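User: Hey, I've got a structure open here and I'm new to this. Can we talk it through bit by bit?

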Amino acid sequence: MKAFRLDELEAERAANDGAYLQFVRERNMSVGLYALDAGHSDPQQPHRQDEVYFVVSGRASITVGEETTTVARGSVVYVPAGVPHKFHHISEDLRVMVVFSPPEG
């Protein structure tokens with residue numbers, strides 16, 4: 001079994017000075033923690049994998065293709081492979097669990 005604590009993942013991500021920390025990588029999926037601070041922009045480009053975002057904390061908007069919605073703690077968003085998407089109008093530090101299938105990279 002692999003079990004994780006969000007506070008430990010956040011500390012590891014911050015210690016590595018990166019916005020993204022992958023902490024699970026298996027044959028069919030990968031999982032990571034993505035962080036964007038309030039007022040910052042999201043540099044993402046479309047991915048070759050399907051992905052699901054689960055917002056752990058924070059508040060922002062996300063545009064996926066031509067659709068935009070507001071997200072906050074508890075929001076879940078599916079992004080099909082190859083579709084442009086970005087978080088924006090980040091009003092509270094955003095922490096998002098990201099599941100890629102197949103694994104990213």
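User: Is F4 buried, exposed or partly exposed?
Analyst: F4 is partly exposed, with a relative accessible area of 39%. Buried means under 20% relative accessible area, exposed over 50%, and partly exposed in between, using a 1.4 Å probe and protein chains only. Keep in mind that this is a predicted model: local features need pLDDT of at least 70, side-chain atom pairs count only at pLDDT 80 or more, and totals for chains, interfaces and linings use all residues. Residues are numbered from 1 along each chain as its sequence is written, and side-chain values use heavy atoms, leaving out hydrogens and water.

User: Ok, and how many aromatic pairs are there?
Analyst: The count comes to four aromatic pairs. Rings of Phe, Tyr and Trp (its six-membered ring) pair if their centres lie within 6.5 Å; planes under 30 degrees apart are stacked, over 60 edge-to-face, and the rest tilted. F4 and F23 form an edge-to-face pair, 4.8 Å centre to centre with 65° between the planes.

User: Why does that pair tie separate parts together?
Analyst: F4 lies in the segment before α1 (6-15) and F23 in strand β1 (residues 20-25), so the pair ties together parts that are 19 residues apart in sequence. Helices (H or I, at least four residues) and strands (E, at least two) are DSSP runs, numbered from the N terminus. F23 counts as buried, at 18% relative accessibility.

User: What about Y20 and F100?
Analyst: Their ring centres are 6.4 Å apart and their planes at 80°, so that pair is edge-to-face. Y20 sits in strand β1 and F100 in strand β6, so parts 80 residues apart in sequence get tied together. F100 is buried at 2% relative accessible area, while Y20 is partly exposed at 29%. Ring pairs also link Y20, Y34 and F100 into a cluster.

User: New topic: which residues touch the most others in the largest nonpolar core?
Analyst: Of its 16 residues, Y53, I62, V71, V77, F87, L94 and V96 touch the most other members. A nonpolar core is a set of buried Ala, Val, Leu, Ile, Met, Phe, Trp, Tyr and Cys residues joined through side-chain atoms within 4.5 Å. The largest share of this core, six residues, comes from β6.

User: Last one: how do β3 and β4 pair?
Analyst: β3 and strand β4 (residues 67-72) pair in the antiparallel sense over six bridges. Two strands pair if DSSP finds at least two bridges between them. T63 stands opposite T68 in β4. The hairpin has two residues between the strands, and G65 takes a positive phi near 65° there.
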